[in-house]
Amino acid sequence: MKNDTITFIDNRSGKKHNFTIKKGSSGPDVVDLTSFFSKTGMFIYDPGFTSTASCSSQITYIDGEKGTLLHRGYKIEDLAEKSDYPEVCYLLLNGELPSKENKERFISILTHHTMLHEQILRFYSGFRRDSHPMAVMVGIVGALSSFYSEKIYDFSTTEGKWVAVSRLLAKLPTMAAMAYKYSLGQPFIYPKNNLSYAENFLHMMFSTPCGEYKPSQASIDALDKLLILHADHEQNASTSTVKIAGSSGANPFACVAAGVASLWGPAHGGANESVIRMLNEIGNEKNIKKYIEKAKNKDDPFRLMGFGHRVYKNYDPRANVLRKYCHNLLKESDNFNLPLFKLANKLEEIALNDSYFIKKKLYPNVDFYSGIILKALGLPESMFTVIFAVARTVGWISQWKEMTEMSQKKISRPRQLYIGNNHREYIDILKRKKQKQMFPGEIK
Ligand code: CMC
């Protein structure tokens, strides 16, 4: 028992405080600091949560040093090669790979809930035509909470949770494809029940009332793989956002809308779009050195997009799968902008041999290659992060479900190190000092 504790000594007073060390099935041990404040009167300071395990979970395991990613114990490489996206969704949600019957039933449920309520379609016309599709997604996914409200569903029950899970998984591709159609000014294309999850999405994106789009099997497989590779990634920023929102008991559809917002940023899911923008900006191999120097310069905000990861200090295993896959897909496709891929390869080679990137363990991440594959599929850059959101919905809702099923439920409520003014007396407006500026950045 003695070995399972850690002692903190406050060197100011010499007081000792013991805390329990908990062991997971894999990965670093954790120190249970839930009683830290009550024992010491101090908070734990960890901005960005670099050393904080915010929860316990059975869903996904990452070993960042080795570059390992497991979903419910299965290697991502095996799932990408042997499984398909609906099966991975089932695995993440239920903990086991489905039997043949359960897989068929699950796919049937996802298939039969793909349509949106007709009233939801009206929301789209409220958005500016040139809106980023992620802006549309934040709004439309949030709007689902008014159709699946607590008045009708009890999301604390198994049945209620299942409604949230199945409707979100089934409807996100429809919503995403409609966001794209809206940006083009084309009519919405309704889902088709005889198509697979990935094929249906491509159908809704690219068919028109005048012509049916028939994607190649290679394109369907490529999209399915991308969905698998983005399905879950333990307690990342967007998943933690969904869970923090969910910890207050908020409607799960609204929580997922919060996740969409969090994913949008260029440091997270927005990176796939930024990679292509960066490659276009670099333009050709001659300019790579200049951009590598920019990335290394502390005074320059430029970062090499698609490089680095909070957890992986090795090659991101998802990027490894995608890199190989990218090669194969490019060999097959004839409409692909090959110079971009060549440039990406060269950039990767130069960065991986540069002492700055080696020292800081900055390797390509999943977003480095996903954008190139999506471009090969003919998808517009503005839709890249939306597709990430479609894929990650299962991760968000699986982790939300797991959290709501825990015996101990606590609202997420971090504390802070306060560095502002201490108490001061209120000053009458006529006695206040002359002030130059109202708000920095304000347009006069
Ligand atoms: N280019 C240049 N320098 C970098 C990069 C990069 N892409 N990433 C990190 N660094 C440097 C950073 O300047 C810092 O240097 P120093 O220690 O001298 O201050 C050091 O490496 C550590 O970086 P950090 O920002 O403290 O690390 P983090 O764990 O907080 O950030 C990250 C991780 C992914 C936000 C960051 O690596 C980054 O901004 N990468 C580019 C954006 C990107 O590709 N994001 C996709 C992530 S994978 C998909 C997903 O899960 O969303």
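In which sense do strands β1 and β2 pair, and over how many bridges? They pair in the antiparallel sense, over 5 bridges. This is a predicted model, so local features need pLDDT of at least 70 and side-chain atom pairs count only at pLDDT 80 or more, while totals for chains, interfaces and linings use all residues. Residues are numbered from 1 along each chain as its sequence is written, and side-chain values use heavy atoms, leaving out hydrogens and water.

**View 1. The β1–β2 hairpin.** Here β1 covers residues 5-9 and β2 residues 16-22 (strands are DSSP E runs of at least two residues, helices H or I runs of at least four, both numbered from the N terminus; strands pair if DSSP finds at least two bridges between them). I9 has K16 as its bridge partner in β2. There are 6 residues between the two strands, and G14 in the turn has a positive phi of about 80 degrees.

**View 2. β2 meets β3.** Strand β3 (residues 30-31) runs antiparallel to β2, joined by 2 bridges. Look for K22 with its bridge partner V30 in β3.

**View 3. E234, a non-glycine with positive phi.** Its phi is about 40 degrees. E234 sits in the loop between α9 (217-229) and α10 (237-247). At 23% relative accessibility, E234 is partly exposed (buried is under 20%, exposed over 50%, partly exposed in between, with a 1.4 Å probe and protein chains only).

**View 4. K361, another residue other than glycine with a positive phi.** The value is near 55 degrees. K361 lies in the loop between α16 (355-359) and α17 (366-376), partly exposed at 35% relative accessibility.
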